[in-house]
Amino acid sequence: MPAAIKNRTLRGVDPVLQRLHREARAAGATIVLAEGEDERVVAAAEEAARRGLCRPLLVGRPPAVADAARRAGVELAVPVLDPADDPQLDERAVELDARLAQRGIRDPTPAADRVRDPLFYADLLVARGRADGAVMGAVATTGDTLRAALRVIGLDPRYRVVTSCFLMLLRDRPPLVYADCGVLPQPDPEQLADVAMQAAAAYRLLVGGEPRVALLAFSTKGSAEHPTLEPVRAAVAILERRRRQGHVDFAFDGELQADAALVPEVAARKVASSPVAGRANVLIFPDLNSGNIAYKLTERLAHARAIGPLLQGLDRPVHDLSRGCSVTDIVDTMAIAALEAARRRQR
């Protein structure tokens with residue numbers, strides 16, 4: 001394996017990731033990788049198979065996948081699926097047409113062409129139960145990943161919207177979950193409440209503890225007034241209503257400034273009675289600008305590992321990658337998809 005690929009797989013393994021990998025191995029899930037012609041993806045598939053994290057499948061043209069394996073310096077053993085060679089491709093196109101019609105989606109691209117798209121093909125494998133989850137985005141944009149997933153997989157009926165989160169692994173404090181940092185530019189209050197609920201569920205899945213959710217703003221409990229604060233306050237009220245209805249079972253509070261959410265001494269001065277302040281482990285950002293900036297600053301300045309964007313709110317596990325992802329990032333995301341698939345089977 002070339003040094004450029006190999007070195008990116010040799011980071012220390014965080015205890016949280018050790019648990020995720022252990023539980024992924026027990027899940028025995030099949031995870032399909034839509035971009036099998038990328039050398040990082042091939043290297044990750046072989047690494048995940050070697051560790052027993054899942055049963056990987058690669059989508060791509062066999063000669064191009066074999067060339068990617070040569071570039072990565074790995075021996076290709078993972079099964080490769082080429083949509084063009086699928087004897088059931090016509091059936092898959094009919095199924096895609098039916099799924100789009102069911103959701104009232106009119107796609108200008110014929111389904112017969114769409115099913116040859118690796119993203120759509122991988123999602124169809126998940127929808128049909130051939131695979132338990134999918135990982136993509138090493139090459140494709142988040143928009144393309146979401147478009148395929150929403151058309152093929154669709155929304156989890158519990159939610160109105162798809163969002164995303166990042167698992168942030170820091171050197172000097174327990175892990176955090178940040179949301180939404182990759183999908184919703186300007187969430188309305190209902191959407192922001194969904195982000196909070198999905199991120200709390202992600203914390204339980206990824207970290208294994210109880211979430212303490214802080215809805216962030218530039219004000220703490222009315223210390224400032226501005227129209228941009230109203231959606232955050234309204235989202236807190238929606239969560240309170242959902243808790244009374246039995247739909248929310250985690251601690252939350254807002255609006256909170258970041259220091260009040262994270263630093264006990266600051267929380268004691270600003271909002272001593274909060275069930276979350278000073279101890280938050282899930283941070284909900286008011287919009288995509290703040291969330292995306294925050295995760296990148298944390299990653300670069302605090303030397304944190306940011307795993308994601310992990311998509312939330314879909315009816316099956318489909319996860320996005322950053323186009324700058326490493327082999328390690330892909331392997332960890334595969335493990336998360338495998339664990340999520342196992343948890344869904346238990347529901």
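In what order do the six strands of the open sheet run? In this predicted model, the order is β8-β7-β9-β6-β5-β10, with mixed pairing. The edges belong to β8 (251-256) and β10 (305-312); each has a single partner strand, so one side of each is left without a neighbour in the sheet. Going from one strand to the next, the twist averages 20°.

One spot to look up is leucine 215, whose bridge partner in β8 is glycine 254.

Now for the helices on this sheet:

| Helix | Strands involved | Direction |
|---|---|---|
| α9 (residues 189-206) | touches β5, β6, β7, β9 and β10 | about 160° with β9 |
| α13 (residues 288-301) | lies across β5, β6 and β10 | about 20° to β5 |

Stepping back to the whole chain, the domain assignment gives domain 1 (13-154 + 315-346) and domain 2 (163-302). Their C-alpha centres are 30 Å apart. Where they meet, eleven residues of domain 1 are in contact with ten of domain 2, and the two domains bury about 790 Å² between them, 72% of it on carbon and sulfur atoms. Val16, Arg19 and Ile336 supply 42% of the area domain 1 buries against domain 2, more than any other three residues.

What about polar links? Between the domains, the salt-bridge count is zero, while two residue pairs make polar contact across the interface. On the domain 1 side, α2 (15-27), α8 (142-152) and α14 (327-346) each supply at least two of the residues touching domain 2.

Key. Residues are numbered from 1 along each chain as its sequence is written. This is a predicted model: local features need pLDDT of at least 70, side-chain atom pairs count only at pLDDT 80 or more; totals for chains, interfaces and linings use all residues. Side-chain values use heavy atoms; hydrogens and water are left out. Two strands pair if DSSP finds at least two bridges between them. Helices (H or I, at least four residues) and strands (E, at least two) are DSSP runs, numbered from the N terminus. Axes are lines fitted to C-alpha atoms, for helices over the stretch in contact, and angles run from 0 to 180 degrees between N-to-C directions. Contact means heavy atoms within 4.5 Å. Domain bounds come from an automatic or database domain assignment. Buried area is the accessible area (1.4 Å probe) that two parts lose on being put together, summed over both. A salt bridge is a side-chain nitrogen of Lys or Arg within 4 Å of a carboxyl oxygen of Asp or Glu. A polar contact is a pair of N or O atoms within 3.5 Å; within protein, one must be able to donate a hydrogen and the other to accept it, and residues adjacent in sequence count only if both atoms are side-chain atoms.
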